[in-house]
Amino acid sequence: MIYGVSQFAYLVASACFIFALHWMNTPATARNGVYAGIAGTVLAVLATWADPTIIHHAWIVLAIVAGFAVGVPLSRVPLTAVPQRTALSHAFGGLAAGLVGTAEYYLQITEAPAHLTTFRMVALIAEVILGYLTFAGSLMAAGKLQEVKWVPQRPVTYPLQNASNLLLFGLALALSAAITLHPTASWAPLVFPVIVLLALAFGVLLIIPIGGADMPTVIAILNSYAGLSAVAMGFVLDNKLLITAGALDGSSGLILAIIMCKAMNRSFTNVLFGAFGQVQQAKAGGEQQTYKSETAEGAAQVLEQASFVVIIPGYGMAVAQAQHKVRELYDLLKKRGVTVKFAIHPVAGRMPGHMNVLLAEADIPYTDLLEMDDINHDMPQADVALVVGANDVVNPAARTDKTSPIYGMPIIDADKARTVFAIKRSKSPGFAGIDNQLYFSERTWMLFGDAKAVVGELVKELTGGSGMH
Amino acid sequence: MDFWSTVFVFVLASFIGMGVIRRVSRLLHTPLMSLTNAISAIAVVGAILITGGDYPLRIRVLGAIALFASMTNIVSGFLITDRMLKMFKTSDKRDGGSHS
């Protein structure tokens, strides 16, 4: 009877989760998705808690309270820190899966060794490897994004990197095979922690060669792993709700990773094993080209005359927290009857959708945020393209220069606008270390400085002028 | 345990996931990630069974840490998703809002 009730609750919870994701297809209904998700989670937790085998209620209450104590502050981070928070939550998800797998294993070898069938052992080892790998990898990714001191920001590469990683992985697989076939052997409980250590090490090694520009893809892949570790847990515990929820999370991460890879014209393997940063260093130091700089005053005059302005935000806007100043600029231009649109590249920023969230936070209507494919055919009609801290995603070398490491990547055609203003913090190349051909175009004027400060000056120029005319 | 029925659930749920996620607005990919994160933290049910069961202490300690980690994801995941989604407004809603 109890079993039937809890299974029914799990079924309803699964349906809630599917609806939650379904409602995310438009911002108008998206908040219903959150409520459906909460309803499903609460239902599933209560149904599980009511299980008669549960006797230590105080422990559960304590852990839940602790979860709230940490979770609430974590949900209030500034939106520029959302990529780090997301990576951190993947780490927590992986940790939970790894720990439950560990607990299950040590519990079963003493209490019910017959329970450890080959199928269940495969699932359990998959859960443990994926869980700890995701935990360590996501912690590294979060450290990189947060720019923690002891985590290297630049991609770390060394000779035979892929070979030694593969060796490590092969070793983990061999040990896993051994323990799967002999889960109750006397040496098995000692091999288990070795597998855990290897999974942790592999997670770290997977992330250190990856550069900042690849973070959106990597976060999506880790998202997928976190989901798959929940699926594996579902197989171990024979729980179909876990399998369903994990599969939804896993496929979401996978689809996002595919979108990110397509947006960079790269393959999964290339992102994970390519050490992007390394390739481009070789390219620097080509022929010296010159760019033209412009003052905020001059740029403001051109913006004033424009009738169609496209703003292209990038990670530089997030770093400088310039989104609110950009909103002021947007408002001023709108007031003058200028059409202002935002062109959002799928990999702009450090995670999928990063720019949209920042601009929405600054109160810019989402109807003015356009995807790359929707804005590109309008770019030749644009009077001004204003690049705010974006770099590789507007580099025309992706279209023309076959030797460029980003050749073939779809870009926003900023160079087709009549005038281009590019706001850039320093004169050095961007995160990926590639020279940007856009900056040397004869239509382009550079506005050097911190994105927030430069946009602030533009705003000041435009407000100062409005009363006089 | 019925091996095949769990595999069926996994494969069919993945297809549903692909179909549903593909139609999610690109505007919402960041909130989507925090939402799926909160949803997959339903792994909390596994942690509850281990923490609350009549098991040795060290097993329950592992379970309690897992329960804490999942709960953190559930709470922060749903809260931050809602916080982000609240910010997405159309222009008419925005003009009627508190901003001048």
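Reader: Which domains is chain A divided into?
Author: In this predicted model, chain A is divided into domain 1, residues 77-251, and domain 2, residues 292-468.

Reader: And how far apart do the C-alpha centres of those two domains lie?
Author: The C-alpha centres of domain 1 and domain 2 of chain A lie 39 Å apart.

Reader: How many residues are in contact between domain 1 and domain 2 of chain A?
Author: On the domain 1 side there are 13 residues in contact, and they meet 13 residues of domain 2 of chain A. Two elements give two or more residues each to the domain 1 side, namely helix H4 (82-111) and helix H8 (215-237) of chain A.

Reader: H4(A) and H8(A) then. At what angle do their axes cross?
Author: The axes of H4(A) and H8(A) cross at roughly 25° and come within 9 Å. Because of that angle, H4(A) is roughly parallel to H8(A). The crossing in which H4(A) passes H8(A) is left-handed.

Reader: Which residues make that contact between H4(A) and H8(A)?
Author: From H4(A), the residues include Pro83(A), Ala87(A), His90(A), Gly94(A), Ala97(A) and Glu104(A). From H8(A), they include Met215(A), Ile219(A), Leu222(A), Asn223(A), Ala230(A) and Met233(A). By class, the contact of H4(A) with H8(A) has 11 nonpolar, 7 polar and 1 charged residues.

Reader: What about H4(A) and H5(A), parallel or antiparallel?
Author: The axes of H4(A) and helix H5 (residues 118-146) of chain A cross at roughly 155° and come within 7 Å. That angle is why H4(A) is roughly antiparallel to H5(A). H4(A) passes H5(A) in a left-handed crossing. The residues of this contact between H4(A) and H5(A) divide into 16 nonpolar, 11 polar and 2 charged.

Reader: Stepping back, how many helices and strands are in chain A?
Author: The secondary structure of chain A comes to 18 helices and 7 strands. Chain A has a radius of gyration of 25 Å, close to the 23 Å that the globule rule gives for 469 residues, so chain A is as compact as a globular protein of that length. Taken along the principal axes, the C-alpha atoms of chain A fill a box of roughly 85 × 50 × 35 Å.

Reader: How do H2(B) and H4(B) pack?
Author: Helix H2 (residues 29-40) and helix H4 (residues 57-87) of chain B pack at an angle of about 155°, and their axes are 8 Å apart. H2(B) is therefore roughly antiparallel to H4(B). H2(B) passes H4(B) in a left-handed crossing.

Reader: Which residues make that contact?
Author: H2(B) contributes Thr30(B), Pro31(B), Ser34(B), Leu35(B), Asn37(B) and Ala38(B). Among those from H4(B) are Ile74(B), Gly77(B), Phe78(B), Thr81(B) and Leu85(B). By class, the contact of H2(B) with H4(B) has 8 nonpolar, 6 polar and no charged residues.

Reader: Last topic, the contact of chain A with chain B. How many residues does each chain give?
Author: The contact takes 94 residues from chain A and 79 residues from chain B. The elements of chain A that each supply at least two residues to the side touching chain B include helix H1 (2-22), helix H2 (30-49), helix H3 (57-74), helix H9 (240-264) and strand E4 (369-371).

Reader: Which element of chain A gives the most?
Author: H4(A) gives the most to the side of chain A that touches chain B, with 16 residues. The residues on that side of chain A divide into 55 nonpolar, 30 polar and 9 charged.

Notes. Residues are numbered from 1 along each chain as its sequence is written. Chains are lettered from A and ligands numbered from 1 in the order in which they are written. This is a predicted model: local features need pLDDT of at least 70, side-chain atom pairs count only at pLDDT 80 or more; totals for chains, interfaces and linings use all residues. Domain bounds come from an automatic or database domain assignment. Two residues are in contact if their C-beta atoms, placed from the backbone, lie within 7 Å. Helices (H or I, at least four residues) and strands (E, at least two) are DSSP runs, numbered from the N terminus. Axes are lines fitted to C-alpha atoms, for helices over the stretch in contact, and angles run from 0 to 180 degrees between N-to-C directions. Angles under 35 degrees count as roughly parallel, over 145 as roughly antiparallel, 65 to 115 as roughly perpendicular and the rest as oblique. A crossing is left-handed if the near helix is turned anticlockwise from the far one by less than a right angle, and right-handed if clockwise. Ala, Val, Leu, Ile, Met, Phe, Trp, Tyr, Cys and Pro count as nonpolar, Asp, Glu, Lys and Arg as charged, and the others, Gly among them, as polar. The radius of gyration is taken over C-alpha atoms; the globule rule is 2.2 Å times the number of residues to the power 0.38.
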